[in-house]
Amino acid sequence: MIKLLKIEFKKIRSYKTFWILTGVYFIFLSLGIVMAEFIINNMVDNMNRHLPIPLPHVNIFFFPDVWQNIAFFATIRYVLIFPAIIIIILITNEFTFKTIRQNVINGLSKFEFLLSKLYLILLISVVLTLFMAFGSLIIGLSHTSENTLALIFEKSAFITGFFITILTLQIYAFFFGFMLRNTGLSIALFTLYALIVEPILYYFLKSPIVFKNDISTYLPLNAVLRVTEYPAIPVLKKVMGLNLQEKVTLGGCLLPLLYSSIMILIVVWTMKKKDL
Amino acid sequence: METVLSIQQISKQYGKIQAVKKLSIEVEKGQIFGILGPNGSGKTTTLSIILDLIRANEGSYRWFGEEPSKESRKRIGSVIENPNFFPYLNPVDNLKIVADIKDLDYNDIDRVLHLTGLHERKKSRFRTFSFGMKQRLAIASAMLGEPEVLILDEPTNGLDPQGIAHIRDLILLVAGQGTTIILASHLLDEVQKICSHVAVLSKGKKLFDGKVSEVLAISDSFELRAANREDLISVITTFPGFKSLDSSKDIVQVFFKGDVNPGEINTYLFSNGITLNHLSERKRSLEQHFLELLQNNK
């Protein structure tokens, strides 16, 4: 594992595109989180114009809700697309440069090559999760005056949810990259699917006119997004009695894990069969 | 002799195109084995199969007498088709990746860069290299860690005459240290100058293989002249092994089946009352042989 990660690190260390995209991703991620409270309060202001009793402004960064809110804003569709595109580029580059052929010639098995990319995905997920956990902790501490350990960590399971989301989404990208082997095509089809095709399918499948039972939750990307589906906005809970999502469920995590496992198996099988 | 590579009856089909057809090749330790054939004759496909890039439809191969594995590939240095490296990395970083895969340390990188004359450019990105330099880096990467076998696919492709001479010297130097070399080329001249053994491929089939020196020793024809031209022609046609003759010129050119000793011809003609005033053996070059083999297989 260390050997394969060492090789992967050499491949990305002086790769400008990777670092620029990672930088942009971090900017988006941080901006998204910083702006979240502002956006929500803006919405509250808009609603207040039509309400007889105005709603108070919300604070979404106190314990324990900070875990849920940051996990939610860090995994909205438009932000998630970044790590996916980075993974697609790193994988399809190997086909464009034919370095996958050279790696196999030099003595890496095809399976080891797949493993090296999976280890990289795992490493990126762990690093991102640690970053998010640390960030949430700092933000939470600076927004909450009275802290007890029990209160701080009450909803920290959402960090696990973030990890599952970021991990499985990158595996979806891994699948697109290895199946299509072409950078432009993989990015275009992945983005098209994530931002256009699946949302359309989602509303189509959700409609009770079409299907009696709602099967929209089984859509692959939707399954990932549902792990941390809603933010925790206390004012909605208090005033409207809406409780959108209380916790990260095991069932919610299992479905994207199942999908990504199937995708890994398909990639392994295809690589075995197909010539390089 | 120790067999390094043994290919048994491999075939590969791409749709309707038969790229390789029941090909068998044996390469012994220490040989400089040339795989010679025109473009599209299945050279690269064959090399890709024995390096596990492509699956053969049938047949098998063994490296060092063992079932092929990633471990056997670590003992081989190869250049297949174009040089494949990360364009944004310098040669040292590119070679470090190769060293990591092959479980080598980085000490040898400097040596191979010096050998291939790339040392001054060790800080430039691969992208900025000329084609000749890319090709040389590929050879440097193949030579990293002094592998037991070197596989080179058209190694002098795209190089200038000086570069070609440099690479050929390098190949001979490495061969001199006992490394087995497998060299695919469409250049007869190259195979003739470098290789000890050769297999000639055409349309995925092996037409011929053997020692290069033996191929070159096959006599093709004799040029004969005698005072009485008509008698010479009538007598030589009765010589056992006679095939055909060309009498359009003053000198009569005679072709024989198989190997013929000039002494036998002289004795035979003399005993039949003909005194030659000219007898010369014309050896056919590998090139002629190659073209003839291709011709016969059409």
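Colleague: Before we start, what pLDDT do local features need here?

Modeller: Residues are numbered from 1 along each chain as its sequence is written, and chains are lettered from A and ligands numbered from 1 in the order in which they are written. The model is predicted, side-chain atom pairs count only at pLDDT 80 or more, totals for chains, interfaces and linings use all residues, and local features need pLDDT of at least 70.

Colleague: How many helices and strands does chain A have?

Modeller: Helices here are DSSP runs of H or I with at least four residues, strands are runs of E with at least two, and both are numbered from the N terminus. From the N terminus on, chain A reads α-α-α-α-α-α-α-α-α-α-α-α. That makes 12 helices and 0 strands.

Colleague: And what is the radius of gyration of chain A?

Modeller: The radius is taken over C-alpha atoms, and the globule rule is 2.2 Å times the number of residues to the power 0.38. For 276 residues that rule gives 19 Å, and chain A comes close to it, so it is as compact as a globular protein of that length. Its C-alpha atoms fill a box of roughly 70 × 45 × 30 Å along the principal axes. The radius of gyration of chain A is 21 Å.

Colleague: Where is A:Pro64, the one with the cis peptide bond?

Modeller: Most peptide bonds are trans. The bond from A:Phe63 to A:Pro64 is cis, with omega near -5°. A:Pro64 is found in the loop between α2 (16–48) and α3 (65–74) of chain A.

Colleague: Over to chain B: what separates the centres of its domain 1 and domain 2?

Modeller: The domain bounds come from an automatic or database domain assignment, which divides chain B into domain 1 (3–215) and domain 2 (218–296). The chain holds 11 helices and 13 strands. Taken over C-alpha atoms, the separation between the two centres is 41 Å.

Colleague: Which residues touch the most other members of the largest nonpolar core?

Modeller: A nonpolar core is a set of buried Ala, Val, Leu, Ile, Met, Phe, Trp, Tyr and Cys residues joined through C-beta atoms within 7 Å. Buried means 20 or more other C-beta atoms within 10 Å of a residue's own, exposed means 12 or fewer, and partly exposed lies in between, with C-beta atoms placed from the backbone. Of the 73 residues in this core, those touching the most other members are B:Ala140, B:Ile181 and B:Leu183.

Colleague: Which helix gives the largest share of this core?

Modeller: The largest share is 7 residues. They come from chain B, from helix α5 (residues 131–143).

Colleague: Is B:Phe64, with its positive phi, buried or partly exposed?

Modeller: Most residues other than glycine have a negative phi. B:Phe64 has a phi of about 55° and sits in the loop between β4 (58–63) and α2 (70–74) of chain B. With 17 C-beta neighbours inside 10 Å, B:Phe64 counts as partly exposed.

Colleague: Last one: which element gives the most to the side of chain A that touches chain B?

Modeller: Contact means C-beta atoms, placed from the backbone, within 7 Å, and 22 residues of chain A are in contact with 23 residues of chain B. Elements giving two or more residues to the chain A side are α1 (2–13) and α5 (99–105) of chain A. With 6 residues, the one that gives the most is α5(A).

Note on methods:
Two residues are in contact if their C-beta atoms, placed from the backbone, lie within 7 Å.
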